[in-house]
Number of protein chains: 2
Amino acid sequence: MFSTLDTPSVLIDLDVAEANIHKYQAYCDTHGLKLRPHVKTHKLPALAKYQIAQGAVGITCQKISEAEAMIAEGGIDDVLITYNILGDAKTARLRALSEKVRLSVVADSSFVAEGLSKAFMGASEPLEVLVECNTGADRCGVAAPADAADLAKRISDLPGLNFAGLMTFPAFGGFAEAADWLAEAKEMIEAEGLEVRKVSSGGSQDMWQAHLAKPVTEHRIGTYVYNDRSLVSRGNCTWQECALTVLATVVSVPSATHAIIDAGSKVLTSDLFGLHGHGHVLGRNDLSIDQLSEEHGRLVSDGPISLAVGDRLRIVPNHACVVANMLDQVECVRGNEIIGPVPVAARGQVW
Amino acid sequence: MFSTLDTPSVLIDLDVAEANIHKYQAYCDTHGLKLRPHVKTHKLPALAKYQIAQGAVGITCQKISEAEAMIAEGGIDDVLITYNILGDAKTARLRALSEKVRLSVVADSSFVAEGLSKAFMGASEPLEVLVECNTGADRCGVAAPADAADLAKRISDLPGLNFAGLMTFPAFGGFAEAADWLAEAKEMIEAEGLEVRKVSSGGSQDMWQAHLAKPVTEHRIGTYVYNDRSLVSRGNCTWQECALTVLATVVSVPSATHAIIDAGSKVLTSDLFGLHGHGHVLGRNDLSIDQLSEEHGRLVSDGPISLAVGDRLRIVPNHACVVANMLDQVECVRGNEIIGPVPVAARGQVW
């Protein structure tokens, strides 16, 4: 199995990834949703450009450095950074970035908005800023629709900024709740005479319900391009639709019911996402990966493990995005054909 | 707090790391144990050379690529790779590596030993091979002392290889159990007329009991150089002895009892090591980090959180080794003084 590739390797089946991109773009088109993929899943400029070519309106990044890496080779001209950017060093980089692409960001406090304003005073174009809303996930975001209206007003009053709309990352199963919240905020903001041009929502775990979050105009989603065990477990896709797999080799079969592979937490990561075990071995529903150390994964079976040292396996990880962040390169394939390695341009970008 | 450094950053306090190195070297010296640090924790050639200068007999690596990265700048001449190396591509690299340093590896099956032999046939020096023993951790390793004796004999018979001794990674709390196992294996092997020159044990979680694993001659340990929340929780060290911290900024305070920082699983990782929460905020025993997404960490407090957007915090992660693997560089400091960034030379090496 891919005998010329070293293990562990992260394989990307481009046929599968492209089909996933087409399928979700079609879903968004059907429902009149703009699609703004989150590149955190693949971190590959080539796939981002493919997403845009199929109809995506631009990309989502989480950090400035991720955006810088993604746009470096050109061809991507619309970036939303869904993160509170603060501190003079970062806001200066944000302004430099704004001179290269159509840029928008979010804020959930006056403190953040004021920092952005300070950096963008005198810019040729004002910075587009969306208000981040906590519609139930209890991560970032203003607490209530009235707070969103207050911050929208503040942003529109600050020099160098344009109020662009609302942004949320809903709780799992929370699209309907988000819809009510956002509709109320939108109404309050419009009552102030401000236009809410964009309402951006996101999330993968209930991806086929994204259209329920009206008045949302665009959906941000990352994992759909690769899919993973968490999305299979929620019924969003099949194993055949998982584009990212980890190729691993059995390095030890120390007992009749367990075996050790050369993929540990340095490749598969410790993300559980509420699941038991650390990934799914394709074609071996009887196996579970019950334990990871950094370079070892332990496979266990209730019956005979039927594996030999040197056997190769493909594993669908619990969470594809974090796996794509672990190695400097991924190996692209199409079915059984090896296409070649690609550097993960935006890997490790946290600033 | 380190206002010129961007966040999130991984800080290494060299004063603390050096003191940790001295302290554990002294422990090993007292007990007549050779110390062979596992470089997976820091992945920095400079710290490895410091460990050797203080008395370590060489280094431990888990993968060939890790060893290659560590020796590239010179000054390290003794490497043990505690991993079953298999496949022609890897064994050829192993042979090339053996021409640059004094190299030893492990094997827990004839299959692995035979692959090593094939690659080292005709080498100027035979490869030193230790038999990996499962003394209770149920990861890799031969199952019983008699199996160790059989494999030792097989290794000593194979061209290109020298049987060098025994190696184990004991279960937590399992040094005494390992001692009995290893003593029995040693006796059986010596009865065959073979010399057991080295008995190598390892582990951090009960690091101050390492001397109990007689007939062990050397101890492999990684985390002691930095320490972490897992080692504090087991009483092995204090917060003041934690050399690796993550510097993070509060980016949102969305409610009176929770705050969001810019350090998520891309820095802190999802490793739990049996702990609750994702790290310890220095100086704030009242806080817990109850949730991570890739770029966000959520802090919660029972009382008022008393944090403002822009505040900086230092976090001791659950597991230092995996954190050191996430970013391309760490920031070295001594107390409050910034020394400068250092590239993490052996980051991401899994082959």
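A: Start with one definition: helices (H or I, at least four residues) and strands (E, at least two) are DSSP runs, numbered from the N terminus. The model is predicted.

Q: Where in chain A does A:Lys43 sit?

A: A:Lys43 lies in a loop of chain A, between strand S2 (34-37) and helix H2 (45-53).

Q: Which residues does the cis peptide bond of A:Pro8 join?

A: Most peptide bonds are trans. In chain A, the bond between A:Thr7 and A:Pro8 is cis, with omega about 0°. A:Pro8 belongs to the segment before strand S1 (9-13) of chain A.

Q: Where in chain B is B:Pro215, and which residue does a cis peptide bond join to B:Pro215?

A: B:Lys214 is the partner, and omega is about 10°. B:Pro215 falls in the loop between strand S8 (198-202) and strand S9 (218-221) of chain B.

Q: How do the axes of helix H4 and helix H5 of chain A cross?

A: Two packed helices are described by the angle between their axes and the distance between the axes. In chain A, take helix H4 (residues 88-98) and helix H5 (residues 110-120): their axes come within 9 Å and cross at roughly 55°. H4(A) and H5(A) are therefore oblique to each other. H4(A) passes H5(A) in a right-handed crossing.

Q: Which residues of H4(A) and H5(A) meet?

A: H4(A) brings A:Thr91, A:Ala92, A:Leu94 and A:Arg95. H5(A) brings A:Gly115, A:Leu116, A:Ala119 and A:Phe120. By class, this contact has five nonpolar, two polar and one charged residues.

Q: At what angle do H4 and H5 of chain B pack?

A: About 55°, with the axes of helix H4 (residues 88-98) of chain B and H5(B) 9 Å apart. H4(B) and H5(B) are therefore oblique to each other. The crossing of H4(B) past H5(B) is right-handed. On H4(B), the contact uses B:Thr91, B:Ala92, B:Leu94 and B:Arg95. On H5(B), it uses B:Gly115, B:Leu116, B:Ala119 and B:Phe120. These residues divide into five nonpolar, two polar and one charged.

Q: Which domains does the assignment give for chain A?

A: Domain 1 (15-226) and domain 2 (230-338). The C-alpha centres of these two domains of chain A lie 33 Å apart. In chain A, 16 residues of domain 1 are in contact with 13 residues of domain 2. The domain 1 side has six nonpolar, seven polar and three charged residues.

Q: What rotation superposes chain B on chain A?

A: Two copies of a chain are related by a rotation about an axis and a shift along it. Here the rotation is 180°, the shift along the axis is 0.0 Å, and the RMSD is 0.0 Å. The two copies are thus related as by a two-fold rotation axis. The same surface serves both copies: 100% of the contact residues of chain B recur in chain A.

Q: Which residue of chain B comes closest to the rotation axis?

A: B:Ser270, with its C-alpha at 2.6 Å.

Terms used:
Residues are numbered from 1 along each chain as its sequence is written. Chains are lettered from A and ligands numbered from 1 in the order in which they are written. This is a predicted model: local features need pLDDT of at least 70, side-chain atom pairs count only at pLDDT 80 or more; totals for chains, interfaces and linings use all residues. Copies are superposed by least squares on the C-alpha atoms of residues with pLDDT of at least 70 in both. Two residues are in contact if their C-beta atoms, placed from the backbone, lie within 7 Å. Axes are lines fitted to C-alpha atoms, for helices over the stretch in contact, and angles run from 0 to 180 degrees between N-to-C directions. Angles under 35 degrees count as roughly parallel, over 145 as roughly antiparallel, 65 to 115 as roughly perpendicular and the rest as oblique. A crossing is left-handed if the near helix is turned anticlockwise from the far one by less than a right angle, and right-handed if clockwise. Ala, Val, Leu, Ile, Met, Phe, Trp, Tyr, Cys and Pro count as nonpolar, Asp, Glu, Lys and Arg as charged, and the others, Gly among them, as polar. Domain bounds come from an automatic or database domain assignment.
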